[in-house]
Amino acid sequence: MSDQAHAPTSRAKPPPPGEEEASAVLRLGEFDDVDTLTLSEASLVINALMAKRRKDRKDRNETDVLNKTLEYLDAFARFKQKENVEAVERLLSAHKELTKFERAQIGSLCCDSADECKTLIPSLTDKIGDEDLQELLDEMAKLMTA
Amino acid sequence: MFFLHNLERRVTLHPSYFGRNMHDLVTTKLVKDVEGTCAGDYYIIAIMDTFDVSEGLVLPGSGLAEFTVGYRAVVWRPFKGEVVDAIASSVNPHGFFAQAGPLRLFVSAHLIPDEIKYDANATPPQFTNNADMVIEPSTHLRVKIIGLRTEVGEMWAIGSINGDFLGCLQA
């Protein structure tokens, strides 16, 4: 008798907590294949959403969490212009050997050297060569406006 | 780390709202209920749009209509071992608190390099190595998340700046 023919009779066991980590091995749990956003992209997306809500004259629902996040993004988003953010996104997507998480971390932390990048994102160590990574970081540095 | 996540939620609507614009009302209720909350492991920052509103099912006994809404949201989830940028918010002899978006991090004095010591006599009290690194409220820092604790509706984290390339940001 197949047990898929009716709705589940009990709640599925939730994934065990505390196993997710992002150190040398990436274990992201339910976020494994979810689209990531660098700090600059998140800033663009949230600000565009707020502008749209303001235009439609809907309630912007400015929660505490939202305000804290917007302040944080203003302080740390490195790429302010939309074209630069899109250019960085294209640069990063070209590297299919890296996971979405790693690409977003590279775009958010904006390291100066490949060594720094590999120290802060340990899962990168074997996935990309130092020269390739340094080239990527140099290209990104050119797009960073003051 | 920010994610664009697809989530699902059951929203109920009182019969007095039945009529036109039901989908808009369901979306508004969803936004009011969910935006800005901490759903266990992650914070839901903003809801972008709803992509799937099911047919409303009237609940027996209460008359409320229940909709299962699929929506996309900007979500922030910290991971153990992730390096994040943060702003120091308060300093005390045992360490300092820092704010990374909606998350409050504590960096204990044990996880601060030995050269950087607490200086109670400075105004404001700060951690300093008496050379180029000063940690006081509103200093920008790079912190590695060592541990996370979640409780219903809130998250706390422990961080460390004891490592290469961590600590004060030069820029």
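Colleague: Which residues of chain B does UniProt list for "domain: RNA polymerase Rpb7-like N-terminal"?

Modeller: Keep in mind that this is a predicted model. The unreviewed UniProt entry gives residues 8-63 of chain B for that domain. In the model, this span is 23% helix and 39% strand, and its end C-alpha atoms are 22 Å apart.

Colleague: Let's take one residue. Where does B:Asp41 lie?

Modeller: Look at the strands on either side. B:Asp41 sits in the loop that runs between strand E2 (38-39) and strand E3 (42-53) of chain B.

Colleague: How do I class its exposure: is B:Asp41 buried, partly exposed or exposed?

Modeller: Buried means under 20% relative accessible area and exposed means over 50%. B:Asp41 has 25%, so it counts as partly exposed.

Colleague: And which residues does B:Asp41 touch, leaving out those up to four places away in sequence?

Modeller: Its contacts include a residue of the other chain, A:Glu30. Within chain B, B:Asp41 touches B:Arg77, B:Pro78, B:Thr150 and B:Met155. Sequence distance can be compared with space, too: B:Asp41 and B:Leu148 are 107 residues apart in sequence, with their C-alpha atoms 9.1 Å apart.

Colleague: Now a sheet. In what order do the three strands of the open sheet in chain B come?

Modeller: The order is E9-E10-E11, with antiparallel pairing. Strands E9 (117-119) and E11 (134-135) are at the edges because each has a single partner strand, leaving one side of each without a neighbour in the sheet.

Colleague: How many bridges join E10 and E11 of chain B?

Modeller: Two, between E11 and strand E10 (residues 126-128).

Technical notes: Residues are numbered from 1 along each chain as its sequence is written. Chains are lettered from A and ligands numbered from 1 in the order in which they are written. This is a predicted model: local features need pLDDT of at least 70, side-chain atom pairs count only at pLDDT 80 or more; totals for chains, interfaces and linings use all residues. Side-chain values use heavy atoms; hydrogens and water are left out. UniProt positions are given in the numbering used here, feature names are shortened, and annotations may be inferred rather than shown by experiment. Helices (H or I, at least four residues) and strands (E, at least two) are DSSP runs, numbered from the N terminus. Buried means under 20% relative accessible area, exposed over 50%, partly exposed in between (1.4 Å probe, protein chains only). Contact means heavy atoms within 4.5 Å. Two strands pair if DSSP finds at least two bridges between them.
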